Amino acid sequence: MNGKVFLVGAGPGDPRLLTVGAMQCLKNADVVVYDHLADESILSYAPASAEIIYVGKQSCKHTMRQEDINLLLADKAEEGKTVVRLKGGDPFVFGRGGEEALVLLERGIPFEILPGVTSAVSVPAYAGIPVTHRGIAVSFAVVTGHEDPSKSESHIRWEQLATAVDTLIFLMGVANLPIITQKLIENGRPVNTPAAIIRWGTRAEQETYITTVGEASAMVQREGIRPPAIFIVGDVVKLRDQLRWFDRPDIRPLFGKRILVTRARAQASALTEKLRELGASCIETPVIRIVPPSDSYAAMDAAIKELQGYHWLIFTSVNGVEHFFARLHYAGKDTRALGYAKIAAIGSATAEALHSFGILVDLVPKEFRAEAVVEEMMPILPLRARILLPRAHEARDILPEALRTHGAEVDVVSAYKTVPELDEGTEIAKQLMNGKIDFVTFTSSSTVKNLVKQLGNITPLQQAKIACIGPVTAETARSFALEPDIIADTYTIDGLIESIKEYVK
């Protein structure tokens with residue numbers, strides 16, 4: 001049986017502009033065929049088992065001819081697969097989606113079209129330029145800027161276009177800007193008409209150049225502006241001074257900063273989301289994978305059977321909370337099984353994770369140092385207190401040993417194990433060495449150890465600033481001869497972000 005092809009618009013670059021429909025398609029994809037302009041972070045919505053095929057086309061550099069892309073989509077669908085053709089912007093706005101659909105129709109392959117947010121409107125908006133505005137512009141036109149200038153006859157009706165609408169948006173027009181501006185002026189557009197060139201619109205790398213129709217071509221040469229970029233012409237460009245928001249440092253203080261976020265594979269990154277809200281461009285690299293402990297939860301399952309015998313449960317991480325409650329439910333129990341045991345959470349994020357399971361914690365130590373935890377717990381611990389500590393298999397023994405020296409009986413059980421991910425080190429090392437990453441964030445000691453292992457040596461990391469979530473992680477970095485530039489005073493994701501903001505300021 002034939003599969004099906006979804007022709008999907010990925011939007012202009014900012015992953016937040018991906019539609020819900022596009023995300024759902026990706027989640028069900030067997031094959032994803034994607035473009036140069038589609039943000040690669042969007043691919044994380046596809047299943048790990050999906051075949052990912054890059055067919056990007058840049059100026060004078062095509063990975064695959066359009067005719068071959070058309071055949072690829074049809075061939076994969078005829079294998080019975082669900083194929084997502086992920087295209088930058090909208091498939092039908094200079095995206096050649098119509099050509100692909102016609103080939104599928106000819107081959108008898110079912111398809112659906114999911115429009116995307118087009119760069120023609122969104123990129124100017126991210127630069128603070130509305131394509132229409134009451135009293136200034138009541139019409140706009142979207143024009144290809146990629147037309148071959150050597151053609152004997154242009155398909156663009158310059159004599160009508162130049163003055164027919166208030167706002168003109170040329171997509172992919174940087175290389176042809178001398179011809180575009182010449183044609184506009186020849187056909188009546190004043191040379192002093194405000195204009196803007198916007199490169200990598202909606203991304204943290206966005207650059208906006210304000211000019212005029214008469215000066216635009218010279219600016220491209222002078223500033224070395226390269227594709228991808230759009231060219232917008234009209235009085236609405238003047239509104240940027242008032243409506244600029246995306247690249248304003250007072251609103252988004254990390255705009256333009258490129259930050260490497262180390263994380264566990266398949267784990268949503270709150271750090272990435274919050275950094276992006278502040279304007280940063282985040283590159284996520286999985287350096288650890290969370291797996292069941294070596295004993296297949298035997299020790300934790302045994303402890304869960306005896307929960308009534310514990311005075312305190314101490315959780316040191318969100319992962320520990322999630323795995324503990326998964327096993328609690330597996331045993332057919334709920335929070336009532338905790339009885340009168342008191343709960344301690346190391347860090348506010350861990351406390352929030354417990355709250356999501358209906359648990360209000362009794363203690364959140366101000367610092368995550370073994371000495372500080374013990375100091376706060378000792379006055380409220382009963383004599384010969386029995387404590388359960390579900391945590392990572394490879395965690396340090398400082399905390400349980402410190403509690404034991406004060407007379408507590410501590411049962412340490414493995415809630416999960418972290419193992420290194422070694423697959424993506426080459427590409428990350430290349431970006432670091434090329435100066436394409438400004439900061440590297442570490443949120444645990446294991447992320448430090450495993451990124452160094454992934455890269456093979458510390459040299460790439462010496463090209464960027466190192467930001468650690470706290471002193472324990474910082475000490476691990478120092479053990480690899482990496483001196484942190486930033487150590488958060490508050491050992492949380494929010495604390496780390498505040499420290500990066502202060503450093504940048």
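**Ala481 and the strands around it**

Let's start with Ala481. It sits in the loop between helix H17, residues 471–479, and strand E21, residues 486–487. Keep in mind that this is a predicted model.

Is Ala481 buried or exposed? Exposed. Its relative accessible area is 56%, and the cut-off for exposed is over 50%. So Ala481 counts as exposed because 56% falls in that class.

What does Ala481 touch? Set aside the neighbours within four places in sequence. Then Ala481 is in contact with Ile458 and Gln462. Take Gln462. Along the chain, Gln462 and Ala481 are 19 residues apart. Their C-alpha atoms are separated by 9.5 Å.

Now the strands. Start with E19, residues 439–442, and E20, residues 465–468. How many bridges pair E19 with E20? There are 4, and the pairing is parallel.

Next, E20 to E21. These two strands also run parallel, joined by 2 bridges. Look at Ala467 again. In E21, its bridge partner is Ile486. So where does the chain go between E20 and E21? Through H17. This β-α-β crossover is right-handed.

To recap: Ala481 is exposed, and its contacts beyond four places in sequence are Ile458 and Gln462. Thanks, everyone.

How values were computed: Residues are numbered from 1 along each chain as its sequence is written. This is a predicted model: local features need pLDDT of at least 70, side-chain atom pairs count only at pLDDT 80 or more; totals for chains, interfaces and linings use all residues. Side-chain values use heavy atoms; hydrogens and water are left out. Buried means under 20% relative accessible area, exposed over 50%, partly exposed in between (1.4 Å probe, protein chains only). Contact means heavy atoms within 4.5 Å. Two strands pair if DSSP finds at least two bridges between them. A crossover is right-handed if, with the strands pointing away from the viewer, the path from the first strand over the helix to the second runs clockwise.
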